[in-house]
Amino acid sequence: MSEWLAKYETQFYAFLDTQKHADVAHDLAHIQRVVKVARQLACEEQADLAVVIPAAYLHDCVSLPKDHAQRHLASTLAGDKAVAFLSSIAYPEKYYDAIHHAIRAHSFSAMIDPQSLEAKIVQDADRLDALGAIGIARCMQVSGALNRTLYASDDPFCEERKPDDARYSIDHFYNKLFQIADSLNTPSARLEGRRREKIMRTFLEQLALEI
């Protein structure tokens, strides 16, 4: 299987190198990390790599900014574009539907429940990249692009107010990121998610000391 997929992976990467990314947090490095984690999870959970690997590579081949009005459609558009590309390189047609579903279901904003193990793994791999040290860095990248203030001076850690991540970067931890670990689908991903969440909470403890 690894040799069979390897000849396609070069083409996946070459295709992605020509695509436009919505922001610096959804670049080729993000895709490489998602592929790496998806491969690990697929091996641990005994999923079909022929579905997981192309879906992980192509999950963001259509990527819209966080504040785009059609953000919720991006993963469906990415699934359509991915299948068209896979057809152009003669990737086996029997995998198209499963790959399309895995790509559609990976997105938070699409609100599509993953129905297959492979779709669950791709979703988990993408969401794990929002946690840990890399999750902190990516949150700050996106927040900078959206001109968010780092934190609310009167209540930095949302102790007496509802999180407002449209205005404050740190609020995004409470509004979304700290809910990810418990929402992950596979046992392997949940274990890694909790480990990465601890890193983020340690960061906030240090931030509290500094401010």
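The model is predicted, so local features need pLDDT of at least 70 and side-chain atom pairs count only at pLDDT 80 or more, while totals for chains, interfaces and linings use all residues. Residues are numbered from 1 along each chain as its sequence is written, and side-chain values use heavy atoms, leaving out hydrogens and water.

Start with the whole structure: a search of it finds ten aromatic pairs (rings of Phe, Tyr and the six-membered ring of Trp, with centres within 6.5 Å; planes under 30 degrees apart are stacked, over 60 edge-to-face, the rest tilted).

Now select phenylalanine 12 and tyrosine 57. Their ring centres are 5.4 Å apart and their planes meet at 55°, so this pair is tilted. Phenylalanine 12 sits in helix H1 (residues 2-16) and tyrosine 57 in helix H3 (residues 49-58), so the pair ties together parts 45 residues apart in sequence (helices are DSSP runs of H or I, at least four residues, numbered from the N terminus). Phenylalanine 12 is buried at 0% relative accessibility, and tyrosine 57 is buried at 10% (buried means under 20% relative accessible area, with a 1.4 Å probe and protein chains only).

Next, pick phenylalanine 173 and phenylalanine 178. With centres 5.9 Å apart and planes at 90°, the pair is edge-to-face. Phenylalanine 173 is buried at 0%, and phenylalanine 178 is buried at 8%.

Finally, select Tyr8, Phe12, Phe15, Tyr57, Phe85, Tyr91 and Tyr95: together they form one aromatic cluster.

Key: Helices (H or I, at least four residues) and strands (E, at least two) are DSSP runs, numbered from the N terminus. Buried means under 20% relative accessible area, exposed over 50%, partly exposed in between (1.4 Å probe, protein chains only).
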